[in-house]
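Trainee: Could you take me through one part of this protein slowly, step by step? I would like to follow it on the screen as you talk.

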Amino acid sequence: MKFRNFKMVDYVVYGRGCFDQLDEILAPHRKGDAPMIFFVDHFFQGNEAFAKRIPVRGKDKIIFIDVTDEPKTKYVDKVRDDLKAEFGEVSGIIGIGGGSVMDMAKAVSLMMTNPGSSADYQGWDLVKYPGVYKAGIPTISGTGAEVSRTCVLTGPTRKLGMNSDFTPFDQIVLDPELIRGVPKNQMFYTAMDCYIHCIESLTGTYLNAFSRSYGEESLRLCQEIFLHKPEWDDDADEKLMMASYAGGMSIAYSQVGVAHAVSYGLAYLLGTKHGIGNCIVFDKLEEFYPEGVAEFKEMVKKHIIDIPQGITKGLTDEQFNIMIDVSLGMAPLWENALGKDWKEQMTRERLRALYERL
């Protein structure tokens with residue numbers, strides 16, 4: 001096709017307290033006694049008040065997802081195998097948490113109906129069959145995972161998403177109440193994923209009026225929240241949730257860029273989490289995004305946030321080469337950032353020098 005025909009989320013509900021409508025939303029999608037499986041961020045383990053709000057019915061099951069590390073293909077495969085062994089079929093997978101939990105929900109949904117390992121589907125448009133019903137409910141905002149057509153996984157040889165038209169959620173529930181109380185540093189790192197999405201999209205070669213419209217609004221909301229608001233309040237939660245949604249929509253019809261391409265290498269080798277990894281990299285990208293990086297540093301200073309330094313110090317040549325290989329494998333990201341001749345511009349030597357500064 002000359003123009004990309006991309007799949008969006010089917011249904012969206014937004015509003016303070018809308019999480020309490022989840023039972024009603026899920027009811028039409030239940031298939032006999034096949035259970036709904038709720039993937040919940042392990043941050044909520046032991047929180048009985050929150051657990052009581054989850055509409056568990058019949059054989060439904062809550063699984064607390066360990067997000068100490070970002071999702072790995074072997075973790076996805078194990079959860080899929082355990083669910084099939086216990087239930088055979090399920091009515092759906094509901095992800096309640098941050099980007100990692102929502103990515104797990106999308107990945108396991110797809111792997112309930114696709115053969116083999118999730119590692120087989122890391123790439124673009126490799127997924128063959130629709131997954132089971134899936135819904136995403138963010139409890140931290142910024143990644144855009146709630147609207148993206150990918151679920152990012154670390155596999156045996158690379159960190160790469162299952163990018164496909166079958167990946168987006170069937171339903172998302174955007175309740176600003178759920179993101180209140182996130183620890184300050186974690187909130188900032190994840191929110192900056194959204195900010196960096198906007199900078200990379202708005203300065204990229206893939207930019208068009210569709211992605212610009214969403215990206216500019218998301219960027220405006222980030223600037224209002226992190227530069228102009230005197231203190232954090234309910235309005236900030238609501239605007240950050242919508243900034244994350246709009247930022248995710250912006251890259252749906254364009255792409256991200258250098259920060260994401262480089263941070264994928266960090267995540268694969270060092271296990272650096274996505275939000276903080278993007279911040280570590282973006283902090284050093286003045287040559288690519290001078291205005292964005294200057295504004296980012298202003299936000300860091302205003303909110304007194306620690307950006308780790310020197311994390312690649314002492315790595316071996318072999319380790320640097322692993323990160324470089326992973327990063328250079330993200331061809332669409334580099335092309336969006338630098339153009340079709342990106343391979344001539346981003347040599348292994350130049351990328352090595354960048355990694356050495358982190």
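Predicted model: local features only at pLDDT ≥ 70, side-chain atom pairs only at ≥ 80, totals over all residues.

Mentor: Happy to! Now find strand 6, which spans residues 133-138. This strand is mostly covered, with six of its six residues buried. Look at where the side chains go: Tyr-133, Ala-135 and Ile-137 point one way, while Lys-134, Gly-136 and Pro-138 point the other way. Residues on both sides are buried, Lys-134 and Tyr-133 among them.

Next, the neighbours of the strand. Strand 4, residues 92-97, pairs with strand 6 in the parallel sense, and six bridges link the two.

For contrast, here is a pair of helices. Helix 5 (residues 184-202) packs against helix 10 (residues 290-303) at an angle of about 165 degrees, and their axes are 12 Å apart. Angles over 145 degrees count as roughly antiparallel, so helix 5 is roughly antiparallel to helix 10. The crossing is right-handed. Helix 5 brings residues including Phe-188, Met-192 and Ile-199 to this meeting, and helix 10 brings residues including Phe-296, Met-299 and Val-300. By class, the contact between helix 5 and helix 10 holds seven nonpolar, two polar and two charged residues.

Methods: Residues numbered from 1 in each chain as written. Heavy atoms only, no water. Buried < 20%, exposed > 50% of the residue type's maximum accessible area, 1.4 Å probe, protein only. Helix = DSSP H or I, 4+ residues; strand = E, 2+ residues; numbered from the N terminus. Pairing = 2+ DSSP bridges. Axes fitted to C-alpha atoms, helices over the stretch in contact; angles between N-to-C directions. Parallel < 35°, antiparallel > 145°, perpendicular 65-115°, else oblique. Left-handed = near helix turned anticlockwise from the far one by under 90°. Contact = heavy atoms within 4.5 Å. Nonpolar A, V, L, I, M, F, W, Y, C, P; charged D, E, K, R; others polar.
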